[in-house]
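The report below walks through a single protein chain, moving from one residue to the fold as a whole. Please keep the sequence and the 3D view at hand while reading.

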Amino acid sequence: NSKVYKYSGSNNIDEVAWYYSNSGGKTHETGTKLPNELGIYDMSGNVWEWIETIAGSDNWYLYGGSWNYGAINCEFDFQYK
């Protein structure tokens, strides 16, 4: 049973993500923040994840936020095309 969080693994972004306000202007080693409830690290913040929605299409989205973007970009349901 998945818990509903604002960010992947917590409602407190500083517990699970590197983003603009706490990254010091750089990426960080994987696993230095708390994992989500599945034990997966860095699903919010640090670096974007590129997702192709349909194979062979031009439908690419970015998920998860990044070290140089704000907290809103790290929210669980945020996507950027």
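Asparagine 22 is buried, because its relative accessible area is 19% and buried means under 20%, with exposed being over 50% and partly exposed lying in between (1.4 Å probe, protein chains only). This asparagine 22 is found in the loop between α1 and β1, where helices (H or I, at least four residues) and strands (E, at least two) are DSSP runs numbered from the N terminus. Leaving aside neighbours within four places in sequence, asparagine 22 is in contact with Asp14, Ala17 and Lys33, contact meaning heavy atoms within 4.5 Å. Between asparagine 22 and tyrosine 41 there are 17 Å in space, C-alpha to C-alpha, and the two are 19 residues apart in sequence.

The model is predicted, and local features need pLDDT of at least 70, side-chain atom pairs count only at pLDDT 80 or more, while totals for chains, interfaces and linings use all residues. Residues are numbered from 1 along each chain as its sequence is written, and side-chain values use heavy atoms, with hydrogens and water left out.

Ala17 also belongs to the largest nonpolar core, whose six residues are Tyr7, Ile13, Val16, Ala17, Tyr19 and Cys74; such a core is a set of buried Ala, Val, Leu, Ile, Met, Phe, Trp, Tyr and Cys residues joined through side-chain atoms within 4.5 Å. In soluble globular proteins, nonpolar side chains tend to be buried together. Apart from neighbours within four places in sequence, tyrosine 19 is in contact with Ile13, Asp14, Ser66, Trp67, Tyr69, Gly70, Ala71 and Cys74.

Isoleucine 40 lies in the loop between α1 (13-16) and β1 (49-52), and with a relative accessible area of 38% isoleucine 40 is partly exposed. Together with Leu38 and Met43, Ile40 makes a nonpolar surface patch of about 300 Å².

Turning to the whole chain, the secondary structure comes to one helix and three strands, which follow the pattern α-β-β-β along the sequence.

| Property of the protein | Value |
|---|---|
| Box filled by C-alpha atoms, along the principal axes | roughly 35 × 35 × 20 Å |
| Buried residues | 31% of the 81 residues |
| Contacts between residues at least 6 apart in sequence that join residues at least 24 apart | 37% |

How values were computed:
Patches are made of residues with over 30% relative accessible area and no salt bridge: like charges are joined within 9 Å, nonpolar side chains (Val, Leu, Ile, Met, Phe, Trp, Tyr) within 5 Å. Accessible areas come from the Shrake-Rupley method with a 1.4 Å probe; for residues, only the protein chains shown count as cover. A salt bridge is a side-chain nitrogen of Lys or Arg within 4 Å of a carboxyl oxygen of Asp or Glu.
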